[in-house]
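Dear colleague,

I am handing over the structure below, and after it I set out what turned up when I went through it. Please read the notes with the structure open beside them.

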Amino acid sequence: MRPLRALTRYVSRYERGGFAAWITGPYALIVVAATVYVEISIRRPGSQGLEAIVLFAVTSPISVLLMFLPLASLPDPLGPDIFLLAFTAAGLFQAWLLWLVIRGPRRDKASGEGTPTPGPPTARPS
């Protein structure tokens, strides 16, 4: 319960933190789920590795850039694992970038939740 409370406190520091968490959290879970699916399915006998297209689609557009890395020249036991790790890291990196873009600026400590923010100064009648 304590980590959830700390996460809620961290998310509420930003103007659109809750909205950003609702967008980036499921995306990160989709990336992890796609990774698990691809890892399990490519290990099955008779698999041609076409299941990896799912992970490629989920982690796009950074996955397009990863295609140009010369990872195929690695030894055979490391090749598929490095690709899987690289695509998963790319998807989680995209989730983090999405969090940074959506969350907005940090709230002031003085203007907590429920406290009205001061508006522009008004002229006092003389």
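This is a predicted model: local features need pLDDT of at least 70, side-chain atom pairs count only at pLDDT 80 or more; totals for chains, interfaces and linings use all residues.

**Overall fold**

Among the contacts in the protein chain with a separation of 6 or more, 72% are accounted for by residues 24 or more positions apart.

**Helix 2**

Helix 2 covers residues 17-42, which makes 26 residues, and from its first C-alpha to its last it reaches 37 Å, close to the 38 Å expected at 1.5 Å a residue. The buried residues of this helix are Gly 17, Ala 20, Thr 24, Tyr 27, Val 31, Ala 34, Thr 35, Val 38 and Ser 41. As a general point, an α-helix has 3.6 residues a turn, so residues three or four places apart point the same way.

Leaving out residues up to four places away in sequence, Ser 41 touches Ser 47 and Glu 51.

The structure holds one salt bridge, in which the side chains of Glu 39 and Arg 43 meet at 2.8 Å, N to O. Glu 39 is partly exposed, with a relative accessible area of 26%.

**The nonpolar cores**

The largest nonpolar core has 12 residues in all, namely Tyr 27, Val 31, Ala 34, Val 38, Leu 55, Val 58, Leu 66, Leu 84, Ala 86, Phe 87, Ala 90 and Ala 95. Helix 2, helix 3 (52-58) and helix 5 each supply at least two residues of this core, and helix 5 gives the most to it, with five residues. Apart from this core lies another, of five residues, among them Val 11, Tyr 14, Ala 20 and Trp 99.

Setting aside its neighbours within four places in sequence, Leu 55 is in contact with Val 31, Ala 34, Thr 35, Val 38, Leu 84, Phe 87 and Thr 88. Leu 66, for its part, is found in helix 4 and counts as buried at 14% relative accessibility. When residues up to four places away in sequence are not counted, Leu 66 touches Ala 86, Phe 87 and Ala 90, and the C-alpha atoms of Leu 66 and Ala 86, which are 20 residues apart along the chain, are separated by 7.7 Å.

A cis peptide bond joins Ser 60 and Pro 61, with omega about 15°, and Pro 61 has its place in the loop between helix 3 and helix 4 (62-66). In general, most peptide bonds are trans.

Phe 93 has its place in helix 5 and is partly exposed, with a relative accessible area of 41%. The C-alpha atoms of Phe 93 and Ile 62 are 31 residues apart along the chain and are separated by 9.2 Å.

**Towards the two ends of the chain**

Met 1 lies in the segment before helix 1 (2-11) and is exposed, with a relative accessible area of 74%. Together with Leu 4, Leu 7 and Tyr 10, Met 1 forms a nonpolar patch on the surface, and the four have about 450 Å² of accessible area together.

Arg 106 lies in the segment after helix 5 (79-102) and is partly exposed, with a relative accessible area of 47%. Although Arg 106 and Arg 16 are 90 residues apart in sequence, they are 9.0 Å apart in space, C-alpha to C-alpha. Leaving aside its neighbours within four places in sequence, Arg 106 is in contact with Arg 13 and Tyr 14, and Tyr 14 is among the residues of the five-residue core mentioned above.

With best wishes

Note on methods
Residues are numbered from 1 along each chain as its sequence is written. Side-chain values use heavy atoms; hydrogens and water are left out. Helices (H or I, at least four residues) and strands (E, at least two) are DSSP runs, numbered from the N terminus. The expected span of a helix is 1.5 Å times one less than its number of residues. Buried means under 20% relative accessible area, exposed over 50%, partly exposed in between (1.4 Å probe, protein chains only). Patches are made of residues with over 30% relative accessible area and no salt bridge: like charges are joined within 9 Å, nonpolar side chains (Val, Leu, Ile, Met, Phe, Trp, Tyr) within 5 Å. Accessible areas come from the Shrake-Rupley method with a 1.4 Å probe; for residues, only the protein chains shown count as cover. Contact means heavy atoms within 4.5 Å. A nonpolar core is a set of buried Ala, Val, Leu, Ile, Met, Phe, Trp, Tyr and Cys residues joined through side-chain atoms within 4.5 Å.
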